[in-house]
Amino acid sequence: MYKTQIPKARQDGLVVQKMPEELLVYDTEANRAHCLNETVAAVWSACDGENSVSTIAKSFEGVVDEGTSEDLVLLAIGQLQKHDLLEGEFEMNMSGQTRRELIKKVGFASVIALPVIASLAAPKNVMAAASCACVTPGDCAAQVSCPSTVICNGSGVCAP
């Protein structure tokens with residue numbers, strides 16, 4: 001893997017859906033769903049492989065206290081890298097500060113949310129395909145993991 005100073009958002013193997021105040025990103029390769037809050041979504045969108053951290057940080061000036069916008073971007077990039085949403089490996093330069101120190105500094109100085117990514121594992125395709133749906137009781141016979149293998153109830157589910 002190469003290290004870079006210019007972050008680039010990963011595009012391959014991702015399904016992206018914009019929602020109000022958040023961005024949902026589904027990683028088809030890792031079968032993981034990620035919910036990016038507004039702050040980290042803005043940073044991810046700006047990571048085009050051409051914008052430096054300081055360039056991205058300029059978009060947050062006026063929203064966070066002077067001197068903390070770059071720290072905010074670094075926190076967001078750290079989250080993106082942790083969840084494999086960047087191409088390559090970004091070289092973090094936190095000027096000798098720990099992540100915890102950055103969080104304190106940005107948290108006290110900003111009026112926007114700290115960058116957060118909430119993730120969860122999605123079921124494998126085979127597991128997702130397993131269903132207890134039915135039209136006739138015969139549909140339930142092959143579905144041994146359902147509550148019933150002989151009853152197709154009024155809701156179209158193999159269950160009593």
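Me: Which residues of H3 are buried, and what makes them so?
Reply: In helix H3, Ser69, Asp71, Leu72, Val73, Leu74, Leu75, Ala76, Ile77, Gln79 and Leu80 are buried. The term is applied because each has under 20% relative accessible area, where over 50% would be exposed and anything in between partly exposed (1.4 Å probe, protein chains only). The model is predicted: local features need pLDDT of at least 70, side-chain atom pairs count only at pLDDT 80 or more, and totals for chains, interfaces and linings use all residues. Residues are numbered from 1 along each chain as its sequence is written, and side-chain values use heavy atoms, with hydrogens and water left out.

Me: Why is H3 described as mostly covered?
Reply: Of the 14 residues in H3, 10 are buried.

Me: How do you know that the span of H3 agrees with its number of residues?
Reply: The expected span of a helix is 1.5 Å times one less than its number of residues. For the 14 residues of H3 this gives 20 Å, and the end C-alpha atoms are 20 Å apart, so the two values agree. Helices (H or I, at least four residues) and strands (E, at least two) are DSSP runs, numbered from the N terminus.

Me: Why is the contact between Arg10 and Asp27 called a salt bridge?
Reply: A salt bridge requires a side-chain nitrogen of Lys or Arg within 4 Å of a carboxyl oxygen of Asp or Glu. Arg10 lies in the loop between strand S1 (3–4) and strand S2 (14–19), and Asp27 in strand S3 (residues 22–27), so the bridge ties together parts 17 residues apart in sequence.

Me: Are Arg10 and Asp27 buried or exposed?
Reply: Both are buried: Arg10 has a relative accessible area of 8%, and Asp27 has 2%.

Me: What makes Glu29 exposed?
Reply: Its relative accessibility is 58%. Glu29 also forms a salt bridge with Arg10, with the closest N and O atoms 3.4 Å apart.

Me: Why is Asp84 called partly exposed?
Reply: Asp84 has a relative accessible area of 43%. Just after H3, this residue takes a positive phi of about 60°.

Me: Which parts does the salt bridge between Asp84 and Arg10 tie together?
Reply: The two side chains meet at 3.5 Å, N to O. Asp84 lies in the loop between helix H3 (69–82) and strand S5 (89–90), and Arg10 in the loop between S1 and S2, so the linked parts are 74 residues apart in sequence.

Me: Which residues are linked in a network of salt bridges?
Reply: The network links Arg10, Asp27, Glu29 and Asp84. The search of the whole structure finds three salt bridges.
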